[in-house]
Amino acid sequence: MASHRWALSLRYSNREQEEAFLESRKERLFQSLRRLSWSIAVLCSLVWCWLLIVQPRDSGGDFLKCKAVPGIALRAIQGGIVAALQAIALLGVVATWKNEWGDKMNALVLESMMVASMTATLFAIILCDTFYLSKLCANDLEGMFATDSRVLMCMTAAQTCSHVMLTIRWNRLVLLEVCNLL
């Protein structure tokens with residue numbers, strides 16, 4: 001009796017079929033990366049407006065009175081996080097600027113760029129929240145309360161958009177799911 005080796009894979013068993021499948025999806029992946037990059041870049045610009053205009057007018061509550069990392073340093077860290085995310089988004093915008101450049105890109109590279117952008121977005125959502133950033137910077141927050149609703153809703157919205165709007169096979173989004181649980 002011959003032994004059977006079972007393997008679970010979402011790829012085509014024939015390499016030529018897999019490459020043809022990826023090639024047929026490359027244009028949609030390219031357009032999805034373009035939309036994603038522009039969306040993240042615009043959202044980062046809105047967060048910049050919030051960091052520079054709205055947040056300084058807000059007293060910041062007790063977060064600005066913490067002794068370990070003062071409020072101005074927290075604002076600088078938040079600005080650095082948003083700048084890094086915007087740099088990633090602008091890299092995607094530049095990579096998808098001309099349609100001819102999409103012909104030179106591999107479909108796996110396009111999928112990887114989308115997953116990396118969404119993973120960076122999830123981490124930025126957590127790190128831009130003043131309460132969580134204060135806790136990560138070892139500020140004493142005893143007696144202070146904050147709700148998780150804003151962070152969880154933003155993460156859920158980003159996760160939902162990644163599944164609904166991006167034309168990626170679900171097994172490529174496993175890294176994003178793991179990062180969302182962390």
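Student: Is W97 buried or exposed?

Tutor: Exposed. Keep in mind that this is a predicted model. W97 has 54% relative accessibility, and the cut-off for exposed is over 50%.

Student: And W38, what class does that one get?

Tutor: Partly exposed. Its relative accessible area is 42%, so W38 falls between the 20% and 50% limits.

Student: How many aromatic pairs are there?

Tutor: One aromatic pair. W38 and W97 form that pair.

Student: What's the geometry of W38 and W97?

Tutor: Tilted. The centres are 6.3 Å apart, with 35° between the planes.

Student: Where do the two partners sit in the chain?

Tutor: W38 is in helix α1. W97 is in the loop between α2 and α3 (99-103). They are 59 residues apart, so the pair links distant parts of the chain.

Student: Which residues make the nonpolar surface patch?

Tutor: W38, V42, L43, L46, V94, W97 and W101. The patch covers about 750 Å². Both members of the aromatic pair, W38 and W97, are in that list.

Student: Which element gives the largest share of the patch?

Tutor: Helix α1, with four residues.

Student: What about L46, buried or exposed?

Tutor: L46 is exposed, at 53% relative accessibility. It is found in helix α1.

Student: Switching to the inside. How many residues are in the largest nonpolar core?

Tutor: 31 residues. M114 and I168 have the most contacts inside that core.

Student: Which elements give two or more residues to it?

Tutor: α1 (15-57), α2 (71-95), α4 (107-127) and α6 (149-165). α1 gives the most, with nine residues. Helix α1 also supplies the largest share of the surface patch.

Student: What does I168 touch?

Tutor: Leaving out residues up to four places away in sequence, I168 touches R25, L29, E111, M114, V115 and L173. M114 is the other residue named with the most contacts in the core.

Student: Zooming out, what's the secondary structure?

Tutor: Seven helices and zero strands. Along the sequence the pattern reads α-α-α-α-α-α-α.

Student: What share of the residues is buried?

Tutor: 38% of the 182 residues.

Student: Last one: what's the accessible surface of the protein?

Tutor: About 11,700 Å². Carbon and sulfur atoms account for 65% of that surface.

Definitions and conventions:
Residues numbered from 1 in each chain as written. Predicted model: local features only at pLDDT ≥ 70, side-chain atom pairs only at ≥ 80, totals over all residues. Heavy atoms only, no water. Core = buried A, V, L, I, M, F, W, Y, C linked by side-chain atoms within 4.5 Å. Buried < 20%, exposed > 50% of the residue type's maximum accessible area, 1.4 Å probe, protein only. Contact = heavy atoms within 4.5 Å. Patch = residues over 30% accessible without salt bridge, like charges linked within 9 Å, V, L, I, M, F, W, Y side chains within 5 Å. Areas by Shrake-Rupley, 256 points an atom, 1.4 Å probe, with all protein chains shown as cover. Salt bridge = Lys/Arg side-chain N within 4 Å of Asp/Glu carboxyl O. Phe/Tyr/Trp six-rings, centres within 6.5 Å; stacked < 30°, edge-to-face > 60°.
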